[in-house]
Amino acid sequence: MRIKNLFRNSFFSMVSQFALLILGVFSQRAMNLYMGAELVGMNGVISNVINILSVTELGISTAIVYHLYGAIARKDEHEIASLMNLYRKAYHIFAVIIFAAGMVLLPFIHLFMKNNSYPLTYIRTLYAMWLLRTVLSYLLTYRKSLLIADQKEYIASIAGLILNITSYGAIILLVTYTQRYLTALAFNIVVEVLLNLWISWYVEKKYPFLHEMRKEKSSPHLTSRIMKDLKSLFISRVSEKMLNCTDNLIISGFIGVATVGRYANYSMITQAIINILTILANTIQPTIGDYFTEKNYRRNYEILRQITFAFFCISSVVAVGLFSLITPFVRDIWLGPSYELGWGTAVLCIVVLMVRIMGLPLNMVMGVTGLFEKEKNVGASSAILNLVVSLALVKPYGMTGVLLGTLVSYLLQICYRYIIFFRDFLQMREEALRYARDLGEYLTVMAAEVALMQKVVPIVYGNGGMVLFCICFLLCILVPLALDAVFFGRGWRLQSIVRMVRGMRR
C-alpha cells in the first residue's frame, strides 16, 4: 500500500507539474503580449520579496511533517492532534508576522523596480493582493501537511491541478479580452481560498479526532525536539531563500523590471524542468534509502553511479533541446523577437539548470545518509557567495553577471556534497576519483551532442514553422539518447539500468 501511495502521489505531482508548464506557457504569452514584460517582471519581483518574507516560517512545516510520519505509523491520535494544533498556532503567528512585515514594505516596494512605468497605486495594489494571497494560504493550508505525511499527497495535487487550470484560465481570458490582470488575480485568490477551505473540510472529515482534540497540547519533550530541529533547519531555510530569491531583485534593482520579465520567460521553463525532475528524485529516494540502510558501501557507490548516469541521460536531452530550440521557441513560436535574451545569458540559464540536474543524485544520497546536518555551513556560504558575486558583476556584465553568481553558488554546493559524501560516508578515495571522471565523461559527451545538434537543427529548421519545430524537437530527444547508447551501451552503467528495468517489468 505504501509503494502504491508513493507512486500515485508522484504520478499526480508530475501530471500537475506538466499541466503547470503547459498552462504557464499560454498564460505567460497572454501576460507578455497584452500586459507587457514589465508586469511579468513585477510579478517576479513581488513573488521573490514575499518569498524572502516567508523565511519567518523557519522550516516548521518540515519539522512537524517529519514528526507526523512517526505519529501516523504508531496511530497515535493524541500526538497527531497535538502536532497539528501546534502547526495551526505557529502558522497563524507567521501569517500575522508576514502581514505586518509586508505592510511595512508596502510604501517602499516600488524601489525594487527600476525603470517601471506603472503608476505607484497599481504597484502597491498588486503587491498588497499578493501579500493577502500569501497570508490567507498560511491561515488555511496547514492541514494539507497531514495528507502529505499520511501518503495522500495526491489529493492535494488534484486540488492544485484544479486551482492551476482555473487560475491560469482566468488569467488567459481576462488578460486577453479585458487587459484586467488585477481582476484575474482577485478571482484566483477567491478560488484558492475556496479550495483550501475544501481541503481543510476534507481533512477534518477524514480525521475527526482533530476537532475533538482541538486543544490537545504537545508534550514538553516533543516541543523541545521540534525546536531542536528548527535550529538545524533555520540556516538551510534562510540560505535556500537567499540563493533562489535574490536574482530577480538584483536584476530589477540594477537593470530594470522589464528585463526581469524577459528572464522570467526562460526561468519558467527551466524551473518547471527542475520541479519535474525533483519529483522523480523524490519518488526513487525511499528505494535508495532502503539500499543504504544495509551499509554496503560498495553497493551504495554503485547506486550513486547508476542514478548519476540516469540523470545524465535526462540532462543530455534537456541540454540539447534547450540549447538548440529555446531561442526559436521564444522568437518564432511563443512570444516574438523582442522577448529574446542575449546568447550569453540564455546559455548561462541552461548551464545553471544542467548543474542543478546533475547535482540531484548527490543531493538524494546526502538525504538518505543523514549528512544534511553537515551542509548548514555550505548553505549559508553559497547564499552569501551568490549575493556577493551577483552584486559585484551586475554592473559590468548585467544579467550575465547575476547568473554567474548563481552558477558559482550551485557548483560550490555540489563540490561540498561530493567531498562530504566520499570522505565522511563512503571513505573511498579511489572511487571518488572514478566518480569525478564519470562526471567529466558526461560533460564531454553532452558538449559534443550539443555542438552536433547546433549544426543539425538550423539546417532542418530552415525558415521555421511549427511542423519543422516539432521535427527538431523529436531529433533533440532521439539523437542524444542514441549517442548515449553508442558511447555507453557496452558499459556497466547502462547495462545495469537495463537489467533493473527488465527486472521491474517481470
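How exposed is Leu-197, in terms of relative accessible area? The first point takes this up, and the others go on to the core, the cysteines and the salt bridges.

1. The model is a predicted one. In this model Leu-197 is partly exposed, because its relative accessible area is 40%, and a residue between 20% and 50% falls in that class. Leu-197 lies in helix H8, which covers residues 181-206.

2. The interior is another matter to look at. In soluble globular proteins, nonpolar side chains tend to be buried together. Here the largest nonpolar core has 148 residues, and the members that touch the most others are Tyr-181 and Phe-421. The element that gives the most to this core is helix H13, residues 297-334, with 17 residues.

3. On the cysteines, a search of the whole structure turns up zero disulfides. For Cys-472, the nearest cysteine sulfur belongs to Cys-476 and is 6.5 Å away. A disulfide needs the two sulfur atoms within 2.5 Å, so Cys-472 is in no disulfide. Cys-476 is likewise in no disulfide, its nearest cysteine sulfur being that of Cys-472. Cys-472 counts as buried because its relative accessibility is 0%, and Cys-476 counts as buried at 2%.

4. The whole structure holds 11 salt bridges. One of them joins Arg-74 to Glu-79, with 2.8 Å between the closest N and O atoms. Glu-79 has 16% relative accessibility and so counts as buried.

5. Arg-299 pairs with Glu-302, the closest N and O atoms lying 3.6 Å apart. The two are separated by about one helical turn, because they are three residues apart in helix H13. Both ends are partly exposed: Arg-299 has a relative accessible area of 25%, and Glu-302 has 26% relative accessibility.

6. In helix H17, residues 429-461, Arg-434 and Asp-438 are four residues apart and therefore about one helical turn from each other. Their side chains meet in a salt bridge of 2.7 Å, N to O.

Terms used
Residues numbered from 1 in each chain as written. Predicted model: local features only at pLDDT ≥ 70, side-chain atom pairs only at ≥ 80, totals over all residues. Heavy atoms only, no water. Core = buried A, V, L, I, M, F, W, Y, C linked by side-chain atoms within 4.5 Å. Buried < 20%, exposed > 50% of the residue type's maximum accessible area, 1.4 Å probe, protein only. Salt bridge = Lys/Arg side-chain N within 4 Å of Asp/Glu carboxyl O.
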